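Here is a short report on how two protein chains meet. Keep the structure in view as you read.

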Amino acid sequence: MKTLNDVQPGGRVRIRRHLSTGAVRQRLLDLGLMPNVLVTVVRSAPLNDPIEVKLDASNVSLRRREARTIEVSAEETDHV
Amino acid sequence: MSEHASSGHQGVLVALAGQQNAGKSTLFNVLTGARQHVANYPGVTVDKKYGQYADDAGTVHTVDLPGTYSLTSFSLEERVAREFLLDERPDVTVNVVDASNLRRSLHLTLQLLELELPTVLALNMMDVAESNGVRIDKTALAERLGLPVVATVGRKGEGREPLRAAIRAEATRQAAAPTAPPPPVRYGALEPAIVQLIARTAPQAGLDGVPRRWLALQLLQGDAAAAQVLEKRLGSELAGPIREDARRFIEAFESAEGIEVSDHVVACRDRVVETLLDGAVIGADDGRPSVTDRIDRVVLNRWAAPLFLVATVFAIYQVSIVWGYELTTYTWPFLAKLRELIAGVLPSANFLVDPYSRSLGLWLVDSANTLLNYVPIFLILFAAIAIIEDSGYMARIAFILDKILHRFGLHGQSTLPLILGGVFAGGCAVPGVMATKGIPDTRARFATILTVPFMNCLAKVPLYTLLLGIFFVEHKSLMMFYISTMTIIFALLVAKLLTKTVLRGQETSPFVMELPQYHLPTVSGVLRRSFERTWQYIQKVGTVVLAVAVVVFALLHLPGLSAESKAGYEERGQAAVAQFEAALAENSYRDVALGDNLVPLVNYFTDYKRAKLNAAGAAASQRVAEKFETRNPDFYPLVKPPAGDRDAKRAWGALRKLAAARQTLRREMREERITTSILGSIGRGLEPVTQFAGFDWKINVALLSSFAARESSVATLGVLFQQDDDQNATLEERMGAETRAGGATGLLAVSMLLFFALYPPCLATTIMVKVQTGSYKWMLFSIVFPTFLGLGVASAVYSIGTAAGASGITAMSAVYWGAFALLLLVGLLSERQAGRRLRARLSQAGADA
């Protein structure tokens with residue numbers, strides 16, 4: 001199983017599903033990390049955690065602990 | 001909220017709802033102008049901002065709801081916003097959306113429509129959208145949503161009139177014929193369950209005003225607050241079966257569809273949003289990096305990020321704390337003048353014992369001035385914070401530092417409160433605690449609130465300086481280094497401890513945060529926020545500080561001197577007066593100076609001396625002279641004898657002696673009063689406990705009175721270690737001599753330093769703790785816990801140090817490096833623990849799925 005945490009900066013993936021529940025899941029959905037959405041990992045923070053991802057029209061940062069709960073599809077390499 | 005209900009007949013109630021970073025508050029300011037107020041929603045610490053404006057047809061009351069991404073009941077802000085919308089049913093809801101991010105924003109719009117609220121859509125930040133190359137077909141969007149749509153640019157004040165017109169039109173339309181918007185989303189396979197639940201709740205009159213379709217949808221999503229509404233309105237007998245039905249529907253749906261209800265709901269809404277936007281919004285991502293992307297490449301670069309961060313922190317510190325403090329030297333004279341003015345109005349001083357109205361009045365003015373003195377610092381500080389917030393850099397700071405802080409139970413956004421509290425040396429815990437407001441994670445927010453007071457606030461510095469000057473002359477810089485870095489070590493350790501213990505049960509939320517686009521802050525926006533927050537500080541802190549100042553005054557003054565010792569002082573006072581009278585027996589100024597004039601004359605003399613002392617420069621000195629001459633031309637020759645007037649000169653000499661005698665008597669009385677006061681008794685009563693830390697009762701009293709305001713610790717020590725008139729030693733020398741004579745060493749100083757570093761926050765801060773946590777329980781905790789911690793640490797260090805015969809500097813080094821080692825250990829351990837827990841959770845989730 002590949003999660004958002006495994007994606008290197010520059011990688012672009014599609015979100016498959018969330019393993020989290022409750023408030024965490026709601027928060028991720030609210031900020032646009034919905035199933036089927038394409039995300040690009042932009043960078044990790046200077047100390048490696050958290051990470052920053054780019055969505056359609058916004059940039060969101062999340063801890064690796066949360067990123068590990070987001071299952072993603074194999075990397076889409078056509079566009080970086 | 002009754003103010004709206006009562007005015008509902010003449011006025012219109014409008015609520016502004018929107019997601020964070022959509023510019024909602026800016027648009028609120030544009031809409032209402034200067035007439036607005038901030039209050040709290042009942043029982044919670046969420047700000048309720050309301051204001052009003054008038055258009056041709058009447059008054060419009062406007063409420064700015066907290067920014068929320070959606071309307072579930074997971075976070076406090078969402079619960080507050082939702083309750084307001086449900087209970088108050090505003091006539092019009094203005095949904096402020098970020099035009100450059102419609103795909104996300106419209107999810108909230110759909111939820112507002114499901115609440116059946118008459119809505120106007122404000123497409124805010126149109127300029128940003130346009131500069132990002134996004135073109136929006138407003139008409140098409142309005143048609144598809146069935147809502148009035150207005151384009152606005154809140155930051156530039158554009159779109160106010162069209163928005164006001166749209167609000168009025170919608171309100172008028174609703175007043176004529178109330179119509180709820182049609183349900184915006186069809187939920188496919190979930191629809192049968194929704195319809196059945198509506199059928200179950202529709203006949204219940206107890207649910208009037210609650211949109212049934214919305215309620216059904218919430219129950220199916222397992223929303224706890226919606227279930228509570230049902231329970232409360234219908235009672236558990238009626239609500240029970242309905243909730244049971246909902247539970248069955250959920251189970252049936254999830255086993256049939258293989259997807260959770262809430263995921264299905266989000267997916268359905270997202271499809272609707274896509275249809276809404278299709279063709280109505282063109283452009284967006286052209287693949288080119290935006291300005292924000294380009295800035296972040298530099299500012300968030302792995303190596304450059306720490307540099308920018310340090311530079312920013314240093315700039316805030318320099319501008320607000322250092323320069324702001326310098327500014328107070330210019331503003332202080334105004335406060336001093338205010339004190340003089342009030343002193344002039346109060347009943348004048350007697351020879352020995354002043355009327356309580358005078359001493360209490362001046363005590364209150366002094367307490368108020370201590371607070372007001374910080375106003376320039378706060379104005380600058382809050383402006384600097386507003387700039388960093390509005391620009392979008394604040395979120396980046398959290399991004400950079402979250403890893404370290406999170407490991408100790410804090411949050412990336414704890415950085416700013418800690419800086420304001422005085423990470424280096426010199427800050428103030430009051431704005432520090434205030435700034436915790438933005439931290440979304442309750443547990444981390446509480447941990448931050450409780451550790452900010454450990455920072456080195458400006459008022460702790462005088463005591464540090466005093467103690468270093470007495471005991472650590474040769475190790476001054478090393479000690480300064482220890483003191484200024486030790487606090488953050490302690491704070492992190494305490495944060496970790498609290499998170500693991502008392503804060504365990506507090507709500508936490510994930511660190512999932514938008515990194516907003518960079519904006520240039522506007523001058524008016526920054527100024528407005530700065531004044532607003534400073535005013536809040538004065539209001540909230542000021543009133544309570546004055547109230548408690550009265551209590552401390554009483555503790556220091558009661559029970560007062562015993563009758564016989566008072567008689568003793570009176571006798572000595574009369575002796576001094578008699579001496580003065582004798583000296584003036586043959587003097588031509590006899591009638592001017594004696595009798596009823598005597599006390600006013602001595603007061604006049606002391607006032608003159610103080611005024612002369614405060615006057616800087618020849619011109620100011622001249623002004624003082626003129627002022628006193630006009631105030632009382634008869635007395636003037638006695639305080640400034642004209643050349644050649646021998647009688648005046650002799651009277652002046654006698655007067656000077658009398659004034660000095662009076663001062664000595666008053667000081668002795670004050671000392672005895674403090675010694676016998678309730679606070680003095682408490683200080684003595686605490687000696688058995690504090691002796692392990694090496695504190696005698698004098699130090700206890702100083703530390704106790706510093707609770708009212710930190711600055712007073714040095715002042716109280718000054719009173720207690722008083723000099724006789726023939727001595728002219730500094731407080732350092734006196735305290736040093738006296739405490740050394742008592743066998744004290746540098747070890748005692750270390751014990752005091754540690755206690756003071758861990759000491760409870762000052763009064764003003766505890767008030768702010770109450771405001772920010774919304775509970776007296778936490779306020780009390782913020783006082784009691786540090787007291788025991790400080791006393792424990794100080795006692796351990798002093799007792800062990802004494803037993804081991806360690807010197808002050810050795811003890812301090814041992815404490816410092818011990819704490820540092822503990823910090824590293826805790827940091828490494830919590831990393832491993834977190835990893836283990838997460839793996840366990842994930843394997844659990846994997847098994848469930």
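The sections below cover confidence, domains and the contact between the chains.

## Model and confidence

This is a predicted model, in which local features need pLDDT of at least 70, side-chain atom pairs count only at pLDDT 80 or more, and totals for chains, interfaces and linings use all residues. Residues are numbered from 1 along each chain as its sequence is written, while chains are lettered from A and ligands numbered from 1 in the order in which they are written.

The predictor gives the complex an ipTM of 0.93 and a pTM of 0.79. Residues 1–9 of chain B fall below 50. Residues 723–728 of chain B also stay under 50.

## Domains of chain B

An automatic or database domain assignment sets the bounds. Chain B has domain 1 (2–176), domain 2 (188–257) and domain 3 (563–669). The C-alpha centres of domains 1 and 3 of chain B lie 69 Å apart.

## Where the chains meet

In chain B, 34 residues are in contact with 31 residues of chain A. Contact means that C-beta atoms, placed from the backbone, lie within 7 Å. Helix H16 (393–407) of chain B is one of the contributing elements. H16(B) gives the largest share, five residues. Helices (H or I, at least four residues) and strands (E, at least two) are DSSP runs, numbered from the N terminus.

Strands also join the chains. Strand S4 (residues 59–62) of chain A pairs with S10(B) in the antiparallel sense over four bridges. Pairing requires at least two bridges found by DSSP. A:Val60 stands opposite B:Glu514 in S10(B).

Key
pLDDT = per-residue confidence, 0-100. Contact = placed C-beta atoms within 7 Å.
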